[in-house]
Amino acid sequence: MKASIIGLNMETGCSPVFVFLFGENMARRTGKRKQEGRASAAPRQPDPEILKRQRAFVDSVSRLAEPLCIDEGMELVHVEYQREPGGLTLRLYLDKPGGVTLDDCVNISRQLEDLLDVHAQDAPPYRLEVSSPGLDRPVGKLNDFIRFKGHRAKIRLTAAVKGRQNFTGVLAGVIDERVQLQVDNETVSLNFKDISRARLINFNGER
């Protein structure tokens, strides 16, 4: 039997909707993982091999979720898979004209959970969360950095550029798979593959 916790964030006009799903098979593996976690502290710095596995899992989930979202008339905006205070979280952001509803999130999460049960059995336990993008819309696809040119964004890197891993500026397009970001009076060129997280700032829905 599967257990579900569904919540609705009412803070903004385009309120993000969240759906959390937790299954018994995940619960059994969680207990083992917690015991292992107490034995040795996890390193604070990103491990290249861990990042590689996380990206491979995200790519796999995206391949499963994108056709599903298209069939339901929605856009798969972004997929995140990361460790958070509550444990590993697999988070999908969806959008559609007029905005995503709670029913949309429930529908996609239930269908995706069935696919993941078949195609991602070896994945460690995680919480599945499905949400609308909200004001700080994630930017994860290379074409999105072109699509949202002129919008302000925050970008986090896995490798430092000029001694920094966090940048805030205006998206200025893409050149040879390098994202151009206008920071004050300087244009910083960032390798797309080094971007671990990118979000628009106060996105108002304009493309």
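The expected span of a helix is 1.5 Å times one less than its number of residues. Helices (H or I, at least four residues) and strands (E, at least two) are DSSP runs, numbered from the N terminus.

This is a predicted model, in which local features need pLDDT of at least 70 and side-chain atom pairs count only at pLDDT 80 or more, while totals for chains, interfaces and linings use all residues. Residues are numbered from 1 along each chain as its sequence is written, and side-chain values use heavy atoms, with hydrogens and water left out.

**Helices**

Helix α3, residues 102-119, has 18 residues and reaches 25 Å from its first C-alpha to its last, close to the 26 Å expected at 1.5 Å a residue. Its buried residues (buried means under 20% relative accessible area, with a 1.4 Å probe and protein chains only) include Cys105, Val106, Ile108, Leu112 and Leu116. Asp104, Ser109 and Glu113 are also among the buried residues of α3.

Helix α2, residues 48-71, contains Ser62. Ser62 counts as buried because its relative accessibility is 19%. Leaving aside neighbours within four places in sequence, Ser62 is in contact (heavy atoms within 4.5 Å) with Pro67, Leu76 and Val79.

**The sheet**

An open sheet of five strands has the order β9-β8-β7-β6-β10, with antiparallel pairing; two strands pair if DSSP finds at least two bridges between them. Strands β9 and β10 (195-200) stand at the edges with a single partner strand each, so one side of each is left without a neighbour in the sheet. From one strand to the next, the twist averages 45°, where axes are lines fitted to C-alpha atoms and angles run from 0 to 180 degrees between N-to-C directions.

| Pair | Strand residues | Bridges | Opposite residues |
|---|---|---|---|
| β7 and β8 | 164-175 and 178-183 | four bridges | Val170 and Gln182 |
| β8 and β9 | β9: 186-191 | six bridges | Val179 and Leu190 |

The hairpin of β7 and β8 has two residues between the strands, and Asp176 there takes a positive phi near 50°. In the hairpin of β8 and β9, which has two residues between the strands, Asp184 takes a positive phi near 55°.

Methods. Buried means under 20% relative accessible area, exposed over 50%, partly exposed in between (1.4 Å probe, protein chains only).
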